[in-house]
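Subject: Structure for your review

Dear colleague,

Please find below the structure that I am handing over to you. My notes on its contents follow directly after it.

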Amino acid sequence: MKNFLWILVSLMVLSSCHQTEYMVEGNSTIQTMDGKKLYLKAYKDNDLVDIDSSDVVHGKFNFIGALDSVMMVSLFIDDECLMPFVLGPEELSIHISTARQYVTGSALNDTLYSFIRRKTRLDNQIAELPHKESQMIMDGVDEDVIMVRLNDEANRLALQNDRLITNFITSNFDNVLGAGVFMILTSSYPYPVMTPQIEEIMAKATPYFKNDVYVKNYIKAAKENMEQMGYGYDDVLPEDSLAVLPDFSGTDSLK
């Protein structure tokens with residue numbers, strides 16, 4: 001009996017060793033966040049679920065707990081996603097202001113936020129195009145010239161954006177950043193579909209990436225949706241079809 005109890009205690013100790021404590025300290029200079037509750041959400045069982053919460057008091061908040069492995073999480077206020085980051089054993093600091101949001105304290109988060117800064121710069125350039133058009137019209141530039149110039153610039157920026165995202169995911173196939181940014185990319189679609197970009201990513205994917213739960217579920221649902229849209233199971237949606245996707249809100253897709 002004593003031997004059995006010793007084995008049982010040993011197993012409990014060993015199982016607890018697999019868990020890692022996380023500690024996150026945050027501060028916000030946005031006054032309207034005071035008194036609000038923040039949530040950490042992670043993808044589990046085909047859904048985003050709450051894994052921790054914290055009240056914002058005088059601009060400060062914190063999260064402390066245990067996790068089984070490093071994971072990509074998102075910080076939410078109500079139903080709004082504020083920012084993604086990697087939750088692990090390192091002590092992390094979250095900084096939130098009207099100008100920017102970022103996380104420090106780990107190499108993976110440094111990599112993630114370097115990518116986010118580059119992505120934000122591209123997004124700002126794309127958002128500036130309508131202003132450029134207005135300015136060119138005011139300057140008396142011919143409308144055909146405006147169309148050609150801005151279409152060329154829009155195509156160039158769109159290609160840079162696709163390359164940035166694809167290269168980041170493929171460079172991080174074997175850590176949580178690859179699948180995490182893949183989730184952010186695909187969440188911009190109304191439901192899972194196969195695109196040339198996703199096809200390129202999956203053609204290069206490592207077993208670690210392919211076996212991620214979200215990636216596996218997305219690809220399965222995307223291929224099934226492609227069949228419902230009249231394509232073959234292994235077909236890819238044409239580049240110009242993303243803007244006119246039919247409504248499959250009643251299907252069992254991930255979205």
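**Salt bridges**

A search of the whole structure finds 9 salt bridges, a salt bridge being a side-chain nitrogen of Lys or Arg within 4 Å of a carboxyl oxygen of Asp or Glu. Please note that this is a predicted model, in which local features need pLDDT of at least 70 and side-chain atom pairs count only at pLDDT 80 or more, while totals for chains, interfaces and linings use all residues. Residues are numbered from 1 along each chain as its sequence is written, and side-chain values use heavy atoms, with hydrogens and water left out.

One of the salt bridges pairs aspartate 78 with lysine 36, with 3.9 Å between the closest N and O atoms. Aspartate 78 lies in the loop between strand 5 (71–77) and strand 6 (80–87), and lysine 36 in the loop between strand 1 (20–28) and strand 2 (37–44), so the pair ties together parts that are 42 residues apart in sequence. Helices (H or I, at least four residues) and strands (E, at least two) are DSSP runs, numbered from the N terminus. Aspartate 78 is partly exposed at 48% relative accessibility, and lysine 36 is likewise partly exposed, at 33%. In these terms, buried means under 20% relative accessible area, exposed means over 50%, and partly exposed lies in between (1.4 Å probe, protein chains only).

A further salt bridge joins glutamate 224 to lysine 220, their closest N and O atoms being 2.8 Å apart. Both residues lie in helix 8 (residues 213–228), 4 residues apart, which is about one turn of the helix. Glutamate 224 has a relative accessible area of 33% and is partly exposed; lysine 220, with 48%, is also partly exposed. Elsewhere, salt bridges that share partners join Lys132, Glu153 and Arg156 into one network.

Glutamate 153 is buried, with a relative accessible area of 15%, whereas arginine 156 is partly exposed at 40%. Not counting residues up to four places away in sequence, glutamate 153 touches Leu129 and Lys132, a contact being heavy atoms within 4.5 Å.

**Charged surface patches**

Glu133, Asp142, Glu143 and Asp144 form a negative surface patch. Of these, glutamate 143 is found in helix 4 (residues 143–171) and is exposed, with a relative accessible area of 64%. A patch of positive charge on the surface gathers Arg100, Arg117, Arg118 and Arg121. Arginine 121 lies in helix 2 (residues 107–127).

For such patches, residues need over 30% relative accessible area and no salt bridge; like charges are joined within 9 Å, and nonpolar side chains (Val, Leu, Ile, Met, Phe, Trp, Tyr) within 5 Å. Lys and Arg count as positive and Asp and Glu as negative, while His and the chain ends are not counted. The place of a charge is NZ of Lys, CZ of Arg, CG of Asp or CD of Glu.

**Proline 84**

Proline 84 is found in strand 6 and is buried, with a relative accessible area of 16%. Its C-alpha is 4.2 Å from that of serine 74, a residue 10 places away in sequence. Not counting residues up to four places away in sequence, proline 84 touches Met72, Val73, Ser74, Leu112, Tyr113, Ile116 and Ile184.

**Backbone angles**

Most residues other than glycine have a negative phi. Histidine 58 has a positive phi, near 50°. This histidine 58 is found in the loop between strand 3 (47–55) and strand 4 (60–67), and at 71% relative accessibility it counts as exposed. Aspartate 78, described above for its salt bridge, also has a positive phi, near 55°.

**The chain as a whole**

The chain contains 8 helices and 8 strands. Of its 255 residues, 36% count as buried. Among contacts between residues at least 6 apart in sequence, 59% join residues at least 24 apart. The chain exposes about 15,000 Å², of which carbon and sulfur atoms supply 53%. Accessible areas come from the Shrake-Rupley method with a 1.4 Å probe; for residues, only the protein chains shown count as cover.

With kind regards
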